[in-house]
Amino acid sequence: MEETEIRNLLFEIFRNTFDYTLPVTDDLSAEKVEKWTSFTHTIFIVEIETRFGITLSLREVARFRNLGDIVEAIKKHKA
Amino acid sequence: MFFQQIFTNLNKLTEKAAFFMDDRYYSYRETRNRVFDYAQVITKLPAASNNIAIVTGDDFETYCSLLAALYLQRPYVPVNRKNPVRRIADIVGEAGADLIFCSDVNVALELKELDLPALKIVEPAMVASETIEGDAFVIKEYDPAHLAYILFTSGSTGKPKGVPISYENMGSYLTKMVTDPLFEYSEADRFIQMFELSFDPSVFSIMVPLYVGATCYVVPDSGVVFHHIFNMLEDHKITVALFIPSVINFLKPYFKEINLPDLRYSMFCGDALHDSVYKGWQLCCPNAAVHNWYGPTETTVICTVYPVYPDADNSVNDIISIGKPLENVTGILVDDDGKLITDLNVKGELCFNGDQVINNYWHNEAADAKSFMLHPETQQKFYKTGDICFLDDQGNYHFSNRKDFQVKINGYRLELAEVEHYARKDVNVNQAVVVKKNDQEMVLFVETKDSAFNEEELTSSLKSFLPWYMIPGKIIALKQMPYNQNMKIDRAALLALTL
């Protein structure tokens, strides 16, 4: 899976999960998105795992600082 | 002596870390200096009221303003900064405070726009760093009758309800926490503080480490909080943690990855702790003593303790016992008519009296009349918790359900917790909550992340355990339960989904 493909799908999941209508960039983090909380994050991760067909570990998800970090993690799983 | 010890420790001016927050350490010296700065400002500002409101935050300035109020023996009123600014103003008005500390520039700006001329808003930039090494806290006696803090909870009429905690209440609770042989904390301990300051478990997580000269690690309150908690537990080798069970529910899918050998004490409060969750968690922290704590705000943080043992039969309906009352409090059970229940295993409303228990709400006679009663025999005043519990033959209380949640469906009185218990037996169900929709129907909400979840199978399983009138009329699967600001399951939000 190409990086652009990963990024596009991830951003689509992000927009749908958080009803986010503003431009989405790699540096978006939970601190900057009001609806991105502990509760919605769980839904977001489950959706990522389902759509990409991967399983993320706690150590991976707990270190995500922003969407760019999630792209990198998915890339490793899909490599 | 508890409070005096905190300020004696700060006066020692050591380079030992008192706090870790905002990604850095703050020593006892830095903390002493900044608390002293705030104390100077408070002393100089004219105020008609003793009470000091504090807009809560996860930053050093907010914590120092709170400690300054404690040092000056001025009651503090923490107000959640995530509340709408109108509600913040309402609570400040109810508390009668005319001084408010606010480290959040946006909230401060919104408060100023409300144009409340009597309210003095103090921001960190207005508190000069003027304390010198020679300055020292004067260690004074605390009048037990004076108020230490007032917490406001939502009242049924929409008007916030104030819970005034005196120095006797707070000192009695905290002293018990550091003298009970169940807990042996030392200055080498690393405590985690994950609670918003208007949620009273924070009192334990802040005050106890300062008393023993240990370090308090403060979890950032924005973003994905349970990630912050896990990272902090692991990165800083936390040794003492008071959790709310929902945090562990978030971590549950990852239990196999978690290993926290440094954790010595793992306490739970604020919501029912399920045995199935505890058993998985205990494997994650093999060296930790696990305790289930219970207590309404009115009894000062917690008033019963249950040490959970791996091999013991700890639970009923998968809910772990809340244990025995602390020595400072007396617990009784009463029936609907206020009569004392003395038989074992008979349910009634749990009521408390003692040094940790408040005598009345803050200027709210209607709430006082509803929530307090006189003991049928001794005529002592008891606080009615609204929690339905029973006592077992070991002298431990068991939480059954909230009095408000006791429901009758089609004329049958039933326990929602029992339905929830059997729903959780489904391997694909992470959480289960039942709400009463009307007198004929209840709705079961299940949190399930697994596409293998099958509603028909769950209904069939429930029918094999429960009588027909206990079978929910509808099952709604959610990927995630809604939680309120204190990370408790938001039943009101679930009820709204049924309408």
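Predicted model: local features only at pLDDT ≥ 70, side-chain atom pairs only at ≥ 80, totals over all residues.
The secondary structure of chain A consists of four helices and zero strands. Read from the N terminus, the order of its elements is α-α-α-α. The C-alpha trace of chain A extends over about 30 × 25 × 20 Å along its principal axes. Buried positions make up 24% of the 79 residues of chain A. When contacts in chain A between residues at least 6 apart in sequence are considered, 58% of them join residues at least 24 apart.

Most residues other than glycine have a negative phi. A:Asp19 is not a glycine, yet its phi is positive, at about 50°. This residue lies in the loop that links helix H1 (3-18) and helix H2 (38-52) of chain A. With 8 other C-beta atoms within 10 Å, A:Asp19 counts as exposed, because the limit for an exposed residue is 12 or fewer.

A positive phi is also found in chain B, at B:Asp115, where the angle is near 55° and the residue is again other than glycine. B:Asp115 belongs to the loop between helix H5 (105-113) and strand S6 (120-122) of chain B.

Chain B is divided into domain 1 (30-165), domain 2 (180-404) and domain 3 (406-498). Between the C-alpha centres of domain 1 and domain 3 of chain B the distance is 41 Å.

Strand S14 of chain B, formed by residues 304-308, is mostly covered, with four of its five residues buried. S14(B) pairs with strand S13 (residues 289-294) of chain B, to which it is joined by five bridges in an antiparallel arrangement. Within this pairing, B:His291 has B:Pro307 of S14(B) as its bridge partner. S14(B) also pairs with strand S17 (residues 324-325) of chain B, here over two bridges and likewise in the antiparallel sense. In this second pairing, B:Val305 is placed opposite B:Lys324 of S17(B).

Terms used
Residues numbered from 1 in each chain as written. Chains lettered and ligands numbered in written order. Buried ≥ 20, exposed ≤ 12 C-beta atoms within 10 Å, placed from the backbone. Contact = placed C-beta atoms within 7 Å. Domains from an automatic or database assignment. Pairing = 2+ DSSP bridges.
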